[in-house]
Amino acid sequence: MLLTHEVKDYAPWRKVYDAGEPLRKASNINMLAVYTSVDNPNKLTLIGEVASMEAMQAFMQNPQLAKDMEAAGVISKPEITVLKKM
């Protein structure tokens, strides 16, 4: 899975992101890495593993995630690509 979005400020976002590990774990989402754009340190790409497309959709619709994203200062709609390992 690749997830890209922009945030107001990376440092406060990272604190909320780190605190969200229990929610990700409960949703079978395993985040592997966080990258920032070389042109914009507040444009993030996250790489992770997800059990299924259904698990990803359920995670993205979780009301707690919406609250966390707002608190973290996410300012763009996430772009998500789910990939299948070959």
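The largest nonpolar core has 18 residues, of which W13 and L46 touch the most other members. Such a core is a set of buried Ala, Val, Leu, Ile, Met, Phe, Trp, Tyr and Cys residues joined through side-chain atoms within 4.5 Å, where buried means under 20% relative accessible area, exposed over 50% and partly exposed in between (1.4 Å probe, protein chains only). At least two residues of this core come from each of α1 (10-19), β2, β3, α3 and α4; helices (H or I, at least four residues) and strands (E, at least two) are DSSP runs numbered from the N terminus. The model is predicted: local features need pLDDT of at least 70 and side-chain atom pairs count only at pLDDT 80 or more, while totals for chains, interfaces and linings use all residues. Residues are numbered from 1 along each chain as its sequence is written, and side-chain values use heavy atoms, with hydrogens and water left out.

Leaving out residues up to four places away in sequence, W13 touches H5, V7, V34, L44, L46, A72 and V74, contact being defined as heavy atoms within 4.5 Å. L44 belongs to strand β3 (residues 43-50) and is buried, its relative accessible area being 0%. The C-alpha atoms of L44 and V34, ten residues apart along the chain, are separated by 6.9 Å.

N42 is located in the loop between β2 and β3 and counts as buried at 17% relative accessibility. Apart from neighbours within four places in sequence, N42 is in contact with H5, E6, V7, K8, D9 and Y10.

In helix α3 (residues 53-60), the buried residues are A55, M56 and F59. These residues lie on the same side of α3, because they cover an arc of only 100° around the axis; the arc is that of the directions from the helix axis to the C-beta atoms. Their cover includes α2 (21-26), β2 (29-36), β3, α4 (63-72) and β4 (79-81).

On the surface, M53, I80 and V82 form a nonpolar patch with about 210 Å² of accessible area together. Nonpolar patches join side chains of Val, Leu, Ile, Met, Phe, Trp and Tyr within 5 Å, from residues with over 30% relative accessible area and no salt bridge (a side-chain nitrogen of Lys or Arg within 4 Å of a carboxyl oxygen of Asp or Glu). Accessible areas come from the Shrake-Rupley method with a 1.4 Å probe. I80 lies in strand β4 and is partly exposed, with a relative accessible area of 33%.

Key
Patch = residues over 30% accessible without salt bridge, like charges linked within 9 Å, V, L, I, M, F, W, Y side chains within 5 Å.
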